[in-house]
Amino acid sequence: MTDHCPGRALVVVPHNRPWRYLLQLYQGEGRPGLLPRVMTLTEVLTLWRVHSSRRVLYTANTLDQVALLRQCVTELSRKDALLARRFADMDMAAFLPWGMRLAALLDELFGHAITAADMAHAEGEVAPPAAALLNALGRLQQAYAAALEERGWTTPGYDARQVALHGGEHIPPLLLPRPDRPVLLAGFALLTPTEDRLLRLLWDRGAQVCLHTDPVLARGGRPHWSCEEQAHWMQRWQAGAVAVCTAADTDAGENAGENTVENPGEDAGPRWQFFAGYDVHSQLAALRQDLLAQDSGKDAGKVAGADAPVAAASAPDDPVDLGHDPEDEAGEQPATAVVLTHNGLLLPVLHHLPHKNVNVSMGYPLERSPLYRLLESLFRLQEHRTGDGRYLWRDLLECLRHPYLAMLQEDAGESGTPSPELRAPLAALCRAVRSGSRTCELEELLESCAVSLPDSALAALRQLTDVFFGALLRARTTGELAEALERLCRYLQEHGPHIWPRYPLDAEAMYRLREHAIPVLRENALCREVFDQRQLFVMARELFRQERIPFEAVPLTGLQVLGMLETRLLHFDHVYILDATDESLPGSAPQDPLLPDSLRLQIGLPDARRRERAAAHTLFRLCAGARRVFFYWQEGISRSALFDARKSRSRFVEQLIWQEEQRRGGLLRPGDAPLRAPACSARPRQGNPLCIERSPRLDEAMQRFLGGALSPTALDTYLNCPRRFVLRYLCALDQVEEVNEGDDPALVGTLVHELLEELYTPFVGQEVRAGDFAALSLEDRLEALLRRHPEADALPPESRIMLEVAVPYRLRNYLNSQPDSHVVALEQKLRGRLPLWGQDYAFGGKADRIDRREGLFYLIDYKTGSLHLPDAGLWVEEAFWSLLRTARSALLAGHAQSPEVEQLLEQMRQRVGSVQLPCYVSLLHAQTRQVGNACLVELRDSGRERELFSGLLDEADYALALERCRDLLAVMVWHMAQAASFPAREGDGCTFCPYRTACRA
């Protein structure tokens, strides 16, 4: 075609990626020469449109199109009552999603050379706003086209339409074939009407067409079903075809009325391998093993005809033997592609690949990047701002804890020396947020941090908060929003120069944001119009979601990781296709709220069947040129409990398996080659996975704990959950400090205790009776107490109201029914040492109130939550105490894990529940010898006093009960001193346990 002078030719291709491979092939020839000129169809359309237009055109961006459509809808609303009723009061934020979809629809109509008509009676298919737009679709298209012409604007679809209508008279000379300058149209499969018109114009003037299709077309036979569109293409053009295998054979197709068909090797069909996994990780594990098996014994790589070294990886101990092709044994590793059916697989695949030096060539959505997550959290922070300008603490904390901020430095580093990181100032600010209320004011938080931070750190923190929060807060137009985002990007680059070289994906996301999305916000037809923040952020989100981060694989050697669309026109010897489920391959397009798939055929647009044909052609063309093809998928897993959808293998894979079964003459069962299945080994569940074993350091910590003053709260914690006790008291793990957004039981208990202390203080040393508090206003006292507790402001409004109503009511019930007594002390500290089975231990606690009744001391403890009192008859139940004596013998002998001890502890959890009152009684009796009883006041209900010793009959039983109180304490401390492990115990306390997230139970 070119007489070995490729520089003469012009090649038109659907996209630019094949040019990179073509350049690599010519480079491998090792001789100088001019390269052919390669243009994408988009570049051809642009050139053609500029050549045929009499004026300079401006390509409208997304927001320009939405603004123009809003104007068209407004003008039509004056004549259409339905449009006027549906859209007259709709602001730009509400119109924006419909406007963007309408702009895309009209551009698609232009690209398919379709003049739409109004679609009536669509109310049953779409939402009312969409039905109103479809009802005026023809008029809107006409008005939109007129507005574009009037302003001198254009869009890609409008360019294609205009060139298809008028381009035949103005074909650029560069595109016209000449005898000394051939034009080749290569790689096209499914054509839109405008593409068909443009390529036909070039073909009629002598351009050659190269089809990647079924070679049967060249013989006049019936092609594979995925190539039927190309057969129809040839019928429309009344063209013939010649099959070619090599560059030398292309001379056979030099007739201008014939198409050449690339023959990928019809006789050498690919070898199939199928793997049905149970999740993504099982697919990735099988992929890694297959790649290692392929790499074993090879030290050179070749991709698409270009030689280059490939990193070798060691094979596993038992590699899967897939067999070797004779061509592989010649010392060359075949061209290999890992094909991803959706972009969510990219990062997991890169993590599992055996060698990391791979080339990635696919688009990655900007909205999946950490940068977008930062912007989304900033937008959400501003949207949730309260009317008085305060931020919700959780939204603010999410922004401050973003990884980018923790890696930033205080200054831009112009001096060349490393500057302090912002990690410490940000940690101080986060602590201030957690210790505050549900809503935060930035200036108040910064003032609270000023005490602990140096001036330079505080200044850097103020600058950061102004860039990330203040600038977005002040933005009122898309132009101001663009400037705020540009300032944010500039700040990230200046204060984090060490970040972006280490994270190229993040750096590319930053580039796409600055060079593509922000200019659209800055320069559009709406850039001076004032919007509220929500409208601005909706626009920004829609723009960001359209951006994709490209991966440019240079050089084109080594293992290639591609998306399915990126494989068009490329050839690989080994192909690994991941997640080949029906929802990804061919996949189902998301439901369009404006024009669902059921309505597309009514106006002549392609539906899901055409998209399926395009996906099928891409897949089967890729497979036809490969020697081995591996499919991996997940099946049998419910995706949604609501719709009961299940993942299943692709219908394309089903066809290939059926063909393989036809060839073998029998059905393939999972596990039979080539249909593999994961080999899962079942293992018994590990016993007590939440158990903490006693180590020398834990034993040291326990001995230190037992040598100090033991609190009843700590003993209760150990009784109910030894693991929680270890984490809290031995490991000193504090609970996560954060603002409580719900009810606060601890605050309620504190308020009730302080209020009762205030009420009883005047009666210390005096007699108190039920009627002594009748004249007091408990509501006023509670209100004054609430003003002294700022944390009460963080309670939800309904909880605050319930607190103000319920607390006075409950307390009044208790005060009006309490028995007559003499108040001895309030908030009395109890300290002392108790002999427990021959060894003294120190104990300490605080009694809420001590009364004297009938000459004896009574301990009173207020409870606003649930009560834990021993069974009434427990003190005289011989079976329980007989078990305790047996357990005592085991503990004294050093057998803390004996069955009797474990049985006793379990009964103590169920029947005793708490050793707080037994501990207080034992301490007070050791000091005074005049203890009468101990009572828990059930304030959350009727206010009734519940006695500890309610089932005793005489003095002997009472003396025995006092001794048995110390026995309960002895069991606890001796078991703590000797236990070999500290297991977790599930119960009611798990709900409020600060370590519950660390438990798998």
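Buried means under 20% relative accessible area, exposed means over 50%, and partly exposed lies in between (1.4 Å probe, protein chains only). This is a predicted model: local features need pLDDT of at least 70, side-chain atom pairs count only at pLDDT 80 or more, and totals for chains, interfaces and linings use all residues. Residues are numbered from 1 along each chain as its sequence is written, and side-chain values use heavy atoms, with hydrogens and water left out.

**Overall make-up**

- The protein chain has 1001 residues, and 51% of them are buried.
- It contains 35 helices and 32 strands. Both are DSSP runs numbered from the N terminus: helices are H or I with at least four residues, strands are E with at least two.
- Take the contacts (heavy atoms within 4.5 Å) between residues at least 6 apart in sequence: 76% of them join residues at least 24 apart.
- The chain exposes about 47,100 Å², and carbon and sulfur atoms supply 50% of that area. Accessible areas come from the Shrake-Rupley method with a 1.4 Å probe; for residues, only the protein chains shown count as cover.

- The structure holds 49 salt bridges. Each is a side-chain nitrogen of Lys or Arg within 4 Å of a carboxyl oxygen of Asp or Glu.
- Asp 196 and Arg 236 form one of them, with the closest N and O atoms 2.8 Å apart. Asp 196 sits in helix 9 (residues 193-204) and Arg 236 in helix 10 (residues 228-237), so the bridge ties together parts 40 residues apart in sequence.
- Asp 196 is buried at 16% relative accessible area. Arg 236 is partly exposed at 42%.
- Arg 613 and Glu 228 also pair, at 3.1 Å from N to O. Here the link runs between distant parts of the chain: Arg 613 is in helix 24 (residues 608-624), Glu 228 is in helix 10, and they are 385 residues apart.
- Both Arg 613 and Glu 228 are buried.

- Glu 376 bridges to Arg 380, with 3.3 Å between the closest N and O atoms.
- Both residues lie in helix 13 (residues 370-383), four residues apart, or about one turn of the helix. Shared partners join Glu 376, Arg 380, Glu 383, Glu 398 and Arg 541 into one network of salt bridges.
- Glu 376 counts as buried at 18% relative accessibility. Arg 380 is partly exposed at 24%.

**Helix 21**

- Helix 21 (residues 533-546) has 14 residues. From first C-alpha to last it reaches 20 Å, close to the 20 Å expected at 1.5 Å a residue. The expected span is 1.5 Å times one less than the number of residues.
- Its buried residues include Leu 536, Phe 537, Met 539, Arg 541, Leu 543 and Phe 544. Arg 541 is also a member of the network that holds Glu 376.
- The buried residues of helix 21 pack against helix 13 and several other helices, among them helix 3 (62-77), helix 5 (92-111) and helix 18 (455-474).
- At the helix start, a side-chain oxygen of Asp 532 comes within 3.3 Å of the backbone nitrogen of Arg 534.

**Leu 82**

- Leu 82 is found in helix 4 (residues 81-87). Its relative accessibility is 16%, so Leu 82 counts as buried.
- Beyond its neighbours within four places in sequence, Leu 82 contacts Ala 132 and Asn 135.
- The C-alpha atoms of Leu 82 and Ala 136 are separated by 9.4 Å, with the two residues 54 apart along the chain.

Technical notes. A polar contact is a pair of N or O atoms within 3.5 Å; within protein, one must be able to donate a hydrogen and the other to accept it, and residues adjacent in sequence count only if both atoms are side-chain atoms.
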